[in-house]
Amino acid sequence: SVLYSLAVSKAVANAASTFVMKLPFKAIRSVSLPTALIIPLVIEIVSIVGIVGYLSFRNGQQAVNTLAAQLRQELTERIKRELQSYFETPHEINRLNASAFSRGELDIVNAQFGEEQLYQQMKIAPNVAFVYCGSARKGEFFGVLRSPDTGQLQLSYGNESNNFLRDYYTLDVNGERTFWMRRAETPFDARIRPWFRAATAVQRAAWTDVYIAFSTGLPNVTASLPVYDKVGRQLLGVCATDVVLPEEFRSFLKNLEIGISGQAFVVDRTGDLIANSTDEPLMQGKGESATSLPAVNSQDDLVRGTAHYLIATFGGFEGIRTVQRLEFQLNGKRQFLEVVPFRDDFGLDWLIVVVVPEADFIGQITANTRTTVILCAIALAIALAIAMSTARLVTRPIVRIAKASEAIAQGNLNQHIETSSLLELNRLATSFNSMSRQLQDSFQLLESKNEALRIAEETYRGIFENALEGIFQATPEGRLLNINAAMADIYGYDSPQEMMQKVNDIRPHLLMLEDERDRFQQQIQTHGEVKAFEGQSKRQDGSIIWVQIDVRAVKNNVGDSLYNEGIVQDISERIEREDMLRRQLEELKIEIDQQKREMAVNQITQSTYFQEIKEEMARIDLDEFWG
């Protein structure tokens, strides 16, 4: 910081001197000495304060950008994890019910038994709205639902016995039907419902589009699974699980801290809202004619503006296939935006969107900038007053000092000021001469140190780039800071830049087994280093290799970890040789044991006792013995 300030001061002094030297001679002759001293001082102070203020503001903006990126990434990861856990449960329930259906443990056709199993599933999974199965025979239906009004669990079934009009029963604490409640007015055929058709069309587990539930009137998305007979040929029916989107998942988004006025929302590939962090209804229209609300029609300005920007940038939501970190202007204000695709193995293909206004972060920076401007103005006024007072006391000798200062600013450090009869100026001249000598010594020392530093840096860079072992630096959270070419080659990347762009967390790549990572992390935290740690790693192409890792934690003066640096060696060939040697040793041991057994048999058969027994057996008349 000191060297940087000196460099800025030197550049400003050079500029001020050049400006004064270029003035016409008559203009210089008409300017008083105090004025000539004040003008360069004012220019220098204003320039330095302006540069420092600008750099401070830019550093603040960069800090805001970094903080905003970290916040967006953390929020999208949390939303992604929540979605994954939220939408895994329905498919697990379907697999259980499909198995029970095929074994006859659920009576889907006659609805005589099986509601206890569905009841227990609804108790365990409170986010599920309806668990049911439909028969491929005549469209019979059997399931347990959660009442949207009271939350009470109810049995619902439709078959030939009630003309497919679906009767509803209350359930007791054991999940057994108790009292008849009501009967639907219109027939229900499970085979024509979207969930039945979605599963049978792909012949595997699937998701439906968002639709209005027949029984609850709420927007749902359904996970469904076809059920076949034991030989897997005849379709028995489909088991499905309903999830009510707006009521269940929105509460999670509302509780996220997204800056002050930021928003998070989920849309499908057509641009319809699946969930958002506001209280805005996600459906437009009523009854079965209701449809999902497009994000571009949202009442929230931030959601609507973000949707329009994404459509204009990518031509629609279908074009977004990778994580996007963007910035855009909305109503003249900058917005930080992150879009993350969310997919699962059963057909879900949505986009997670997090948008945070820059104003949520930059308010404190603006206030600090305003305070800095006021303080700079006060400092400038004080400096002007002091300069004017001092200028009146300065005489001709100060000109010589000024010229010597200009020469030093231009790089000529060999300056000497003659002494003056004035005590103050004499001391100033003495101090100036001493400073000149010190500057010469300091710059010579600095140049020698810079040269030594340059040589050391080139040496280190050569070792780093040409090393045969992989060398890396990473934060304690696993984010790569620097790697060499050998490291990228070990893990199958074309360049260090490619690996640093694609690998967000190096820890799962270093050690693919979780127990090895736990032991590795424990040693780092306990001892601050790990030596000759061997384990399995996964390359970019998915192949497995054995590596030896040496890592140490680099800490600051108070013992906090700054980053980890280490060396990675590919020891796959050595491990393979050791395994081969181990197998050879086992085979040799088996061969030695066989030889020992043969020697023992030979010793017994060649003994005198064995020979005597053999002779006695030969003299025995077997016919006489058995007779």
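## A first look at this predicted model

The structure holds one disulfide. Welcome to this predicted model, whose protein chain has 17 helices and 21 strands. Of its 627 residues, 38% count as buried.

**The chain as a whole**

- Take the contacts between residues at least 6 apart in sequence: 51% of them join residues at least 24 apart.

**The disulfide**

- Cys 133 and Cys 239 are the two partners, and their sulfur atoms lie 2.1 Å apart.
- Because Cys 133 sits in strand β1 and Cys 239 in strand β9 (residues 235-244), the pair ties together parts that are 106 residues apart in sequence.
- In general, a disulfide is a covalent bond between the sulfur atoms of two cysteines.
- The link of Cys 133 and Cys 239 is right-handed, with 100° about the S-S bond.
- Are these two cysteines buried or exposed? Cys 133 and Cys 239 are both buried.

**The nonpolar cores**

- The largest nonpolar core has 25 residues, and the members that touch the most others are Phe 142, Val 144 and Leu 155.
- Two helices, α3 (33-103) and α4 (115-124), each supply at least two residues of this core.
- Another core lies apart from the largest one and has 24 residues. Among them you will find Ile 79, Phe 252, Leu 256 and Val 354.

**The second largest pocket**

- This pocket holds about 530 Å³ of space.
- For background, rolling a probe the size of a water molecule over the atoms shows where empty space is left.
- Which residues lie nearest the centre of the second largest pocket? Of the 14 residues that line this pocket, they are Gln 70, Gln 73, Arg 325, Arg 479 and Asn 504.
- Sorted by class, the lining has five charged, five polar and four nonpolar residues.

- Asn 163 is not a glycine, yet its phi is positive, at about 55°.
- Look for Asn 163 in the loop between β3 and β4. With a relative accessible area of 57%, Asn 163 is over the 50% cut-off and so counts as exposed.
- Ala 532 also has a positive phi, near 50°, in a residue other than glycine.
- Where does Ala 532 lie? Ala 532 has its place in strand β19 (residues 529-538).
- Ala 532 has a relative accessibility of 45%, so this residue counts as partly exposed. The range for that label runs between the 20% and 50% cut-offs.

**A residue in strand β14**

- Glu 327 is found in strand β14 (residues 324-330).
- Its relative accessible area is 40%, so Glu 327 is partly exposed.
- Glu 327 and Leu 337 are 10 residues apart in sequence, and their C-alpha atoms are 5.7 Å apart in space.

Conventions: Residues numbered from 1 in each chain as written. Predicted model: local features only at pLDDT ≥ 70, side-chain atom pairs only at ≥ 80, totals over all residues. Heavy atoms only, no water. Core = buried A, V, L, I, M, F, W, Y, C linked by side-chain atoms within 4.5 Å. Buried < 20%, exposed > 50% of the residue type's maximum accessible area, 1.4 Å probe, protein only. Helix = DSSP H or I, 4+ residues; strand = E, 2+ residues; numbered from the N terminus. Disulfide = S-S within 2.5 Å. 1 Å grid on protein atoms, 1.4 Å probe; cavity = no way out; pocket = protein on both sides within 12 Å on 5 of 7 lines; lining within 4 Å. Points joined across faces, edges and corners; volume = space filled by probe spheres on them. Nonpolar A, V, L, I, M, F, W, Y, C, P; charged D, E, K, R; others polar. Contact = heavy atoms within 4.5 Å.
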